[in-house]
Amino acid sequence: MHRAAPLLPLPAGEIHLWFCPHGESSDAALEATYRALLTPQELQQKDRFHFARDRYRYLMTRVLVRSVLSRYAPIRPNDWRFVNGPFGRPRIEGPGLEETRGLDFNLSHTAGLIVLAVARDIELGIDVENTRRSAVLEAVDHYFASAEALSLGALPAALQPHRFFELWTLKESYIKARGMGLQIPLDSFAFALDAPGDIGFTLADPHDDTAHRWHFRQLQPTRDHMVAICSSTDARFVCRETSPLQWERSLEVRTTRASRISPLSPIPPS
Ligand SMILES: CC(C)(COP(=O)(O)OP(=O)(O)OC[C@H]1O[C@@H](n2cnc3c(N)ncnc32)[C@H](O)[C@@H]1OP(=O)(O)O)[C@@H](O)C(=O)NCCC(=O)NCCS
């Protein structure tokens, strides 16, 4: 265990992604160490889950957040305090040290993987989905923007589930970056994914937000998982894989799509 792991630098313009594979608990001593890091409220919340695998995923998620944040500030994992925003987005409340100023995170979990994004002074939202789940293609016509539904419907049937997960994760990442969850109607913004590797983004009502201030990236960390990140900065990404309080290693993660260059950017010479 790396109790005294050295602090990591987190320069402006960088987003650190922590990938945490998880399954069922098989180590009672480690689980007891994890439980000791949670607040009484978190322990109560954990015990509300019906299935053991969900209780363990909740426990791992809390420990991941606490142990990873402690890599960026001289604060013990159990000393972090969080507060939920009006639509449920958790943020750091304390302790208030110089090192925690501007520090923010967002996380997402799905079967087999938890992903945590950490940055300073960058608005961000992240979503991970397990693409072995069935794609809910019926939801597209009802909830997605009509341009998204049309473009998905024009694809061969075999490619539609993949496109569904691309759209779903991107849409989740945007509503999470805004911190508003499903308060933002899913048909009020649209992604254009027909050009390979590209992510186009438009808003139905440009008075509500500004499309070009957001940058999107899609990653494929494992064969079964797709990740989307929405951020207010065209950031550099640093990826690590970890099992909290046990080990961590650098990770190369394939980017499958990224926001197309903004029309405001200068055109490079040919
Ligand atoms: C609240 C919401 C963010 C939950 O998303 P989700 O896909 O169910 O869950 P994720 O694993 O991606 O994210 C959960 C984490 O997001 C964070 N979160 C909660 N509310 C949030 C908000 N309003 N904004 C940003 N992050 C939020 C929390 O850290 C939460 O972790 P926890 O479950 O351990 O407390 C919201 O987007 C939602 O209700 N989605 C419902 C799913 C849906 O219909 N999506 C349609 C997309 S096309």
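**Figure 1. Helix α6 gives the most residues to the shell around the ligand, with 5.** The model shown here and in the other views is predicted. Helix α6 spans residues 160-177, and α6, β4 (103-110) and β6 (124-130) each supply at least two residues of the shell. There are 21 residues around the ligand, and those that come nearest are Gly88, Arg89, Ser108, Lys176 and Gly181. By class, the shell consists of 8 nonpolar, 8 polar and 5 charged residues.

**Figure 2. Helices α2 and α3 cross at roughly 155°.** The pair is formed by residues 40-47 (α2) and residues 52-69 (α3), and the two axes come within 8 Å. Angles over 145 degrees count as roughly antiparallel, and α2 and α3 are therefore roughly antiparallel to each other. On the α2 side the contact is made by Glu42, Gln45, Lys46 and Asp47, and on the α3 side by Arg55, Tyr58, Leu59 and Arg62. This contact has 5 charged residues, 2 nonpolar and 1 polar.

**Figure 3. Buried residues of helix α3 and the elements they pack against.** The buried residues of α3 are Arg57, Leu59, Met60, Thr61, Arg62, Val63, Leu64, Val65, Arg66, Ser67, Val68 and Leu69. Their packing partners are β1 (14-21), α1 (28-35), α2, β4 and β5 (113-120). Leu59 and Arg62, both in this buried set, also take part in the contact with α2. The end C-alpha atoms of α3 are 26 Å apart, which agrees with the 26 Å that its 18 residues should span at 1.5 Å a residue.

**Figure 4. The cis peptide bond from Gly94 to Pro95.** Omega of this bond is near 0°. Most peptide bonds are trans. Pro95 lies in the loop that runs between β3 (90-94) and β4.

**Figure 5. Asp121, a residue other than glycine with a positive phi.** Its phi is about 55°. Most residues other than glycine have a negative phi. Asp121 is found in the loop between β5 and β6. With 12 other C-beta atoms within 10 Å, Asp121 is exposed, as 12 or fewer such atoms count as exposed.

**Figure 6. Leu245, in the loop between β11 and β12.** Leu245 is not a glycine, yet has a positive phi, near 65°. Leu245 has 19 other C-beta atoms within 10 Å and is partly exposed; a buried residue would need 20 or more.

How values were computed:
Residues are numbered from 1 along each chain as its sequence is written. This is a predicted model: local features need pLDDT of at least 70, side-chain atom pairs count only at pLDDT 80 or more; totals for chains, interfaces and linings use all residues. A residue is near a molecule or strand if its C-beta atom, placed from the backbone, lies within 6 Å of it. Helices (H or I, at least four residues) and strands (E, at least two) are DSSP runs, numbered from the N terminus. Ala, Val, Leu, Ile, Met, Phe, Trp, Tyr, Cys and Pro count as nonpolar, Asp, Glu, Lys and Arg as charged, and the others, Gly among them, as polar. Axes are lines fitted to C-alpha atoms, for helices over the stretch in contact, and angles run from 0 to 180 degrees between N-to-C directions. Angles under 35 degrees count as roughly parallel, over 145 as roughly antiparallel, 65 to 115 as roughly perpendicular and the rest as oblique. Two residues are in contact if their C-beta atoms, placed from the backbone, lie within 7 Å. The expected span of a helix is 1.5 Å times one less than its number of residues.
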